[in-house]
Amino acid sequence: MISPRTLRSLKRGLNRNALAKVGIAIVVVVLLAAIFAPFVAPDRPGTQNLNESRQPPIGFEKASTQEVPVQENGSVVFEDGQIVTENRTVYENATWDHPLGTDGTGRDILSRLIYGARVSLLVGFLGTGLAMFVGVTVGLVAGYYRGKVDDMLMRSADVMLAFPSIVLAIALIGVLDDALEQSIPDPFVVTGVAPAFRSALGLPTGMPESTVLPGTIIVVVALVNWVWFARVARGEALSLREESYVKAARALGANDATIMFRHVLPNAITPILVLGTIQIAAIILLESSLSFLGFSSANISWGFDIALGRKYQSTAWWISAMPGLAIVITVIGLNLVGDWLRDALDPGIEGEGGV
Amino acid sequence: MSHTGHRDDLLRVEDLTTRFYTEEGQVNAVESVSFDVRDNEILGIVGESGSGKSVTALSAIDLVDSPGEVTGGEVWLRDAELAEEFRGESPDAVDGDFVDLRQLPKGVRRSLRGPKFSMIFQDPMSSFNPSLTVGEQIAEAVEVQRRASANPRSTRSRTQGYGLGKLLFDSVVPGREYTSDESRERAVELLDQVGIPDPVERAEEYPHQFSGGMLQRAMVAQALAGEPDVLFADEPTTALDVTIQAQILDLLRDIQQDRGMSVVLITHDLGVIARMCDRVGVMYAGEIVERGSLEAVFDEPTHPYTQGLLGSIPDVDDPAPRLEPIEGNVPNLIDSEMPDRCYFADRCPKAMESCLEHPEERAVEGEQGHTARCVLADGEYDPERALDESHFEGGDGE
Amino acid sequence: MSFDGETDDEEYDGSLVEVEDLEKYYYENDTLFDRVLGRDPTAVRAVDGVSFEVQEGETLGLVGESGCGKSTTSETLLGLREATGGSVRFKGHDVFRMTGSERKVFRQDAQIVFQDPFSSLDPRMTVGEIVTEGLRIHSLAGGAERTERAKDLLERVGLSARHADRYPHEFSGGQRQRIGIARALALDPEFVVLDEPVSALDVSVQAQVLNLLEDLQEEFGLTYLFVAHDLSVVRHISDRVAVMYLGKIVETGPVDQIFENPQHPYTQALLDSVPRASVDEYGRRGGTLEGDVPSPRNPPPGCRFHTRCPHARDACTKELPPDYDTGERHEAACFRVDEDHEYWESEPLPHATETGEGTSVGGGIADSSD
């Protein structure tokens, strides 16, 4: 489906658009980190270590006032059977063991972000894929056949849009519960490649052997977001069905399915792909919101971690801020890629210019 | 400037050159084009799409937009007042009663649009703002001219009311309009003059309530607001049906004669040229390849392109058994793909070795003012010296 | 490819295509929402009872101004739009009631070439794929054979075989139109609808394509329905001509009859309006018709043309003129053809400019130039 011409124009768009390069770099880094999490995560994401709790990120020293026992000659002083304490300002230095700090129970934030990216991206890509499949099918059929079919399909789509997406999602989660949760083994860990790599470099071993595939969330976000794809696909189908080449195909005897898959879909794909990149971002946000609200079964996810950090807001802001930042950067990256695709994939731009 | 012009010349364009700087490269849209417009005449410029005919008109009245730029040439306008004003200031820009507009300050050039030049376009629908009434838009054109005549050289007085703050204020507080009652009355008068029935009512209607033909009439009315000396009409009937086209052509003819103004009519339709124009310029690949009186160009075409064009059109009164088209395709005008030879040589049935040199504009024997950019203007076709195909390797995609 | 066996029509007279009372109405305000609100649908009568036939091997020119329904007629008669009334017979078979296998044959026998060389080719397919799409749909040739056939077809329409791997955007308008013609020819059709095939082209290229169409007609024995608004092109290519106005055919006849002896005032006015590329044309006024074409949503009663006709009389507003035979297979839907019609007794309408015995204005311009 991707012609050499398309590739050329994608490349040209990239050369013209520095922001697109930034976007692609962000998306590639996040993707690679998520895929190769067991190699790149500095620590185990789930192992608690209360001694190292709430360590700040590199570059931020934590100053806090703590009540510490007064010590004399190495022993604690008692008075009236109570330990004597005093208020003292304690400085904790950030360490390179935990470049982005640790959370309330001493888990390495960077490692949690890397593993959280797996969940976020799985939901983002699979959810968008499913929404695209459902939405594009509905939209193409509605736009191509018009009339009653169109009325029926698109009115039901409008009803879906009438609900706030988060409310709809929560209702659907209530219905589906965790029936679709899956746990997929991590091939790098199970085959022993990653543990061997880590011990060779002297990194902590014992990475999780499986990743949660939050099927329920994926299905729910798809059910909430397919409508956007349906609307775009319908609009494209409505106008493409009037193109002369569609009529010509019909005059040659092509049936509806052939026309839809050979003529309508390929020419509608550009706006759908552009919407797709933006929808991945939207779905990552929706997943984070649902995790934040506690509706996800994943116990490691950007939204979930933001929720974890909430109670440390005043003393350890980074616990929430770091996953928040991860979401923001990823979403920006995806949007930049979307813009680039939209500008570069328009087949009308090339070759028909002139004065 | 040359002094060979006609005594009735109103506008003399010499060696006008316009370039577009696009991603594909430099496009030579207008290449050293010369023509003159006389008092009270219709000059036709005919050419196929991409021949540069529209850009030529835009270049003459300084309306070329980025990425285009007029890079050379002179545009001499006869205007004794203007000539007097600039005689001391910039003597190079003045010659007798003529001034070279390209050497005048931008503000002065802009002030000439309306009272000296105006233009109508092919697509009337996109030339009107869909959210304002037709009458209001014509009144606006009248108002601009009214303010200009009160204060001739000031752009500010004319655009007063177009300031951002004022526009914002007006959109919040209704009833404060840019146009005055007089200009609205004048707009109705103009609509009446271009043959729109019930002009008072029609002035209150929006563009989408007009048919294509009526809207084209309204555009003519708008162009007449400044009482221009030269009206540039760029394919004014191309979007219209043949019966409506006939009405608009009649209208243009009447207006031109009633007002004694000059019209430059740009079209691809040789029939329209024949019906309307006193003199004709034929454009190909950014150049005027032949020009002269209607009779000279149509009855004694010299340039093989002109001959080919005339041979390509079927005759509604006499069905020839076979058309004789020009082979090949219209070239694109990208500089790097323009060879330094006659641009038509690769399609020309009479190309000779001498065509490998870019031809100058030459006078054709016979009628005065008939010129052609072709070696045949003052020479004969010699089959012995014919060019063979090998000179045009590859062609353009064929 | 051809139809075998009996036709549906006992009176099949050998016409390749017979169109009878073809109607295509579009309905506005016809959505679910409109029905809920109780709005009545408005009919747009794009084609309103059109009858004509196309004889084998001839070119019928269907001419009219924009919005007269000529393109809708051509697309409806091929079954590309659903007709709302009337019938079309192809070799005696009713096109709207064909069985699956009949339809398959019809789809190979009848083809169409469109006006817009830019929207008529799928931008994401190579030229080779476009040209052989019909072969693929009908499974008529395998991959290698298709490639060969694509090259043959491209060369036949004046392009080069090496163009097969390129995309449409690499071609000029005239070349694209050639590709569209090659696509239509791939299935060896008998009948080709040419829907304004040269209107979007420059005159020099237009002449090339017209010559190509004539050559192909001769070589493959094609029958053409040539839809156009340009009268000189229609005169050049047609054997017979049908003139359409506001959804109806007002005049049909042999091409010379229509152009030299037009009977309907609309045909006369059309001919009068066309600017001729000759110095005799200078100064001639062509605006014999006033006003605009009425809307097909609300067509005028009686003769559709009476609102603009310079000869209109009261009788014209009362009833629709039938097709009067004026000899030599020439028919015109105007009361003025009938010398005994009550038209001649009725009052001229206020806008009518020519009231007396009408003289033909067509057939040359010598007497009307300045």
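## Exercises on a predicted complex

Phe305(C) is buried, having a relative accessible area of 1%. The structure examined in these exercises is a predicted model, for which the predictor gives an ipTM of 0.86 and a pTM of 0.83.

**Exercise 1.** Work out which kind of aromatic pair Tyr266(C) and Phe305(C) form, and which parts of chain C the pair ties together.

*Solution.* Begin with the geometry: the rings of Tyr266(C) and Phe305(C) lie 5.2 Å apart, centre to centre, with 65° between their planes. Rings pair if their centres lie within 6.5 Å, and planes over 60 degrees apart count as edge-to-face, which is the kind of pair found here. Next, locate the two residues: Tyr266(C) belongs to helix α11 (residues 265-273) of chain C, while Phe305(C) is in the loop between α11 and α12 (314-318), so the pair ties together parts that are 39 residues apart in sequence.

**Exercise 2.** Classify the aromatic pair of Tyr284(B) and Tyr305(B), and decide whether each residue is buried or exposed.

*Solution.* The structure holds 16 aromatic pairs over all chains. In one of them, Tyr284(B) and Tyr305(B) are 4.4 Å apart, centre to centre, with 45° between the planes, and the pair is tilted. Tyr284(B) is part of strand β10 (residues 279-284) and Tyr305(B) is part of helix α14 (residues 304-312), both of chain B, so the pair ties together parts that are 21 residues apart in sequence. For burial, the cut-off is a relative accessible area under 20%: Tyr284(B), with 2%, is buried, and Tyr305(B), with 0%, is buried as well.

**Exercise 3.** Identify the rings over which Arg12(B) and Arg253(B) lie.

*Solution.* Arg12(B) lies over the face of Phe98(B), at 4.3 Å from the centre of the ring. For Arg253(B), the ring belongs to chain C: the charged end of this residue sits over Tyr282(C), 5.0 Å from the ring centre.

**Exercise 4.** Decide how chain A compares with a compact globule.

*Solution.* Start with the secondary structure of chain A, which comes to 13 helices and eight strands. The radius of gyration of chain A is 26 Å, well over the 20 Å that the globule rule gives for 355 residues, so the chain is more spread out than a compact globule. The box filled by its C-alpha atoms is roughly 100 × 45 × 45 Å, taken along the principal axes. Of the 355 residues of chain A, 45% count as buried. A cluster of rings is also found in this chain, where ring pairs link Phe36(A), Phe39(A), Phe188(A) and Phe197(A).

**Exercise 5.** Find where in chain C pLDDT stays under 50.

*Solution.* Chain C has a mean pLDDT of 87, and 91% of its residues reach 70 or more. Over residues 355-370 of chain C, however, pLDDT stays under 50. Where pLDDT is low, the predicted coordinates should not be read in detail.

Key
Residues are numbered from 1 along each chain as its sequence is written. Chains are lettered from A and ligands numbered from 1 in the order in which they are written. This is a predicted model: local features need pLDDT of at least 70, side-chain atom pairs count only at pLDDT 80 or more; totals for chains, interfaces and linings use all residues. Side-chain values use heavy atoms; hydrogens and water are left out. Rings of Phe, Tyr and Trp (its six-membered ring) pair if their centres lie within 6.5 Å; planes under 30 degrees apart count as stacked, over 60 as edge-to-face and the rest as tilted. Helices (H or I, at least four residues) and strands (E, at least two) are DSSP runs, numbered from the N terminus. Buried means under 20% relative accessible area, exposed over 50%, partly exposed in between (1.4 Å probe, protein chains only). A charge sits over a ring if NZ of Lys or CZ of Arg is within 6 Å of the ring centre and within 35 degrees of the ring normal. The radius of gyration is taken over C-alpha atoms; the globule rule is 2.2 Å times the number of residues to the power 0.38. pLDDT is the predictor's confidence in each residue, from 0 to 100. Contact means heavy atoms within 4.5 Å.
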